[in-house]
Amino acid sequence: MVVTAGTRWASRAQFFSSGFIFATWGVHVPTVKAHYGIDEAQLGLALLAAGAGAMFGLTSAGRWIGRHGARRMAALCGCVYALLLAGLIAMPGYLFLLALLAAFGLVTSVFDVAINTEAAQLELRGGTPLMSGMHGMFSLGGMAGAASGSAALAAGLGAQAHLLWVAAAMMLVVAFSSMHMLPKPPIASDAAPADHRFRLPRGTLAVLGVLAALGLIAEGAIYDWSVLYMQQELGSPQKQAALAYASFSAAMAAARFGGDAMRARFSPTALLRGSGILAAAAMTLVLLTDLPWLALLGFAGVGIGFANVVPILFGASARVPGVEPAIGIAAVSAVAYLGFMAGPAVIGLLARASSLTAALYVVVVFAAALAASARFTGDDGSRA
């Protein structure tokens with residue numbers, strides 16, 4: 001199948017849907033907590049159930065996608081993903097919520113691997129970088145989902161009605177866009193059966209997984225702690241402190257949309273090295289300055305620096321010789337997801353032992369480590 005503009009836009013729609021659903025879930029975390037009358041510990045257990053489901057999905061995604069194709073698995077898991085969203089506050093009790101969130105995490109992870117596999121295949125077939133723009137669509141979907149959720153609740157729309165509307169709309173988007181994805185390639189009659197079993201990543205895949213984990217820990221640290229840093233360490237009022245998250249997110253989304261042009265011009269090695277250096281320098285500025293406006297500029301610089309880390313690493317994992325793209329992406333995602341889950345706790349423990357400022361130097365260290373390890377993503381040098 002020839003890669004067309006329609007095929008590329010179908011993939012972009014899938015990433016947008018993923019971000020929109022994920023953000024809608026984030027908007028309604030307090031709703032879920034209040035609806036079931038649970039405390040922080042029980043909410044943490046519910047989130048852990050989603051994480052456990054996601055880990056199981058990541059260990060199975062390569063096998064399922066290899067057997068059924070990215071298009072079929074994206075359609076199935078994306079629609080179930082949206083459907084489960086509608087059930088968040090419709091469960092008869094807390095135990096049923098745990099089961100729903102475990103399934104929610106499972107289909108989320110498989111959907112994520114499927115659409116990243118599709119994006120990697122589009123890059124390989126078309127010879128044009130696309131992954132950064134796809135992740136930009138995820139960021140755009142997240143921003144749209146959060147904004148629409150806030151607007152719906154402010155307008156007095158009930159939480160269940162909002163979840164149902166979002167679920168129905170996203171199911172339609174996923175189902176329609178899946179029809180335009182690449183079909184599963186036929187298997188030659190004399191070809192040996194492919195091995196789609198999940199294995200712990202080794203060699204290059206292991207390094208890429210660790211690098212992705214470092215990137216997600218650092219990225220998550222900004223999402224979770226930037227507003228508190230501005231308020232607690234710099235004495236900013238809450239309205240100004242909230243701009244730290246906004247400046248980081250907006251800069252990251254914008255940089256992702258420009259990332260494919262950068263990836264076309266520079267090698268993955270050069271781009272990751274530059275991204276890591278920029279993120280480390282910008283975060284150092286944030287932690288050294290006592291001027292809130294300068295810290296906000298620094299957070300924007302950190303967002304630009306980290307914007308293309310995951311697209312670069314996922315793209316590299318899909319090009320490892322002898323490894324199918326779905327297997328490579330799933331393996332790297334599994335390691336990265338462990339880092340993403342552990343990140344907030346790591347920063348919190350370090351902040352308790354010293355200070356939040358000292359703890360956030362982890363972002364500087366990890367960004368520098370990404371720059372130093374950039375050679376594992378591909379050939380060095382410019383593509384210009």
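Predicted model: local features only at pLDDT ≥ 70, side-chain atom pairs only at ≥ 80, totals over all residues.
Helix α15, formed by residues 361-372, contains twelve residues and extends 17 Å from its first C-alpha to its last, close to the 16 Å expected at 1.5 Å a residue. Within α15, the buried residues are Val362, Val363, Val364, Phe366, Ala367, Leu370 and Ala371.

The chain as a whole provides the setting for this helix. Its secondary structure comprises 15 helices and zero strands. For 384 residues, a compact globule would have a radius of gyration near 21 Å, and the value of 20 Å found for the protein chain agrees with this. Along the principal axes, the C-alpha atoms fill a box of roughly 70 × 55 × 35 Å. Of the 384 residues, 53% are buried. Among contacts with a separation of 6 or more, 85% are made by residues 24 or more positions apart.

The charged interactions may be considered next. Side chains of opposite charge can pair when their charged atoms come close. In the whole structure, a search finds two salt bridges. One of them joins glutamate 123 to arginine 263, with the closest N and O atoms 2.6 Å apart. Glutamate 123 belongs to helix α5 (residues 94-126) and arginine 263 to helix α9 (residues 238-265), so this pair ties together parts that are 140 residues apart in sequence. Glutamate 123 and arginine 263 are both buried.

Arginine 263 also meets the side chain of aspartate 260 in a salt bridge, at 3.4 Å from N to O. Here both partners lie in helix α9; because they are three residues apart, about one helical turn separates aspartate 260 from arginine 263. Aspartate 260, like arginine 263, is buried.

Attention now turns to the surface. The accessible surface of the protein chain amounts to about 16400 Å², and carbon and sulfur atoms contribute 69% of it. A nonpolar patch on this surface is formed by Leu291, Trp293 and Leu297, which together have about 330 Å² of accessible area. Leucine 291 is placed in the loop between α10 (268-288) and α11 (292-307). Why is leucine 291 described as partly exposed? The category lies between buried, under 20% relative accessible area, and exposed, over 50%; leucine 291 falls in it because its relative accessible area is 37%.

Key:
Residues numbered from 1 in each chain as written. Heavy atoms only, no water. Helix = DSSP H or I, 4+ residues; strand = E, 2+ residues; numbered from the N terminus. Expected span 1.5 Å × (residues − 1). Buried < 20%, exposed > 50% of the residue type's maximum accessible area, 1.4 Å probe, protein only. Patch = residues over 30% accessible without salt bridge, like charges linked within 9 Å, V, L, I, M, F, W, Y side chains within 5 Å. Areas by Shrake-Rupley, 256 points an atom, 1.4 Å probe, with all protein chains shown as cover. Salt bridge = Lys/Arg side-chain N within 4 Å of Asp/Glu carboxyl O. Rg over C-alpha atoms; globule rule 2.2 N^0.38 Å. Contact = heavy atoms within 4.5 Å.
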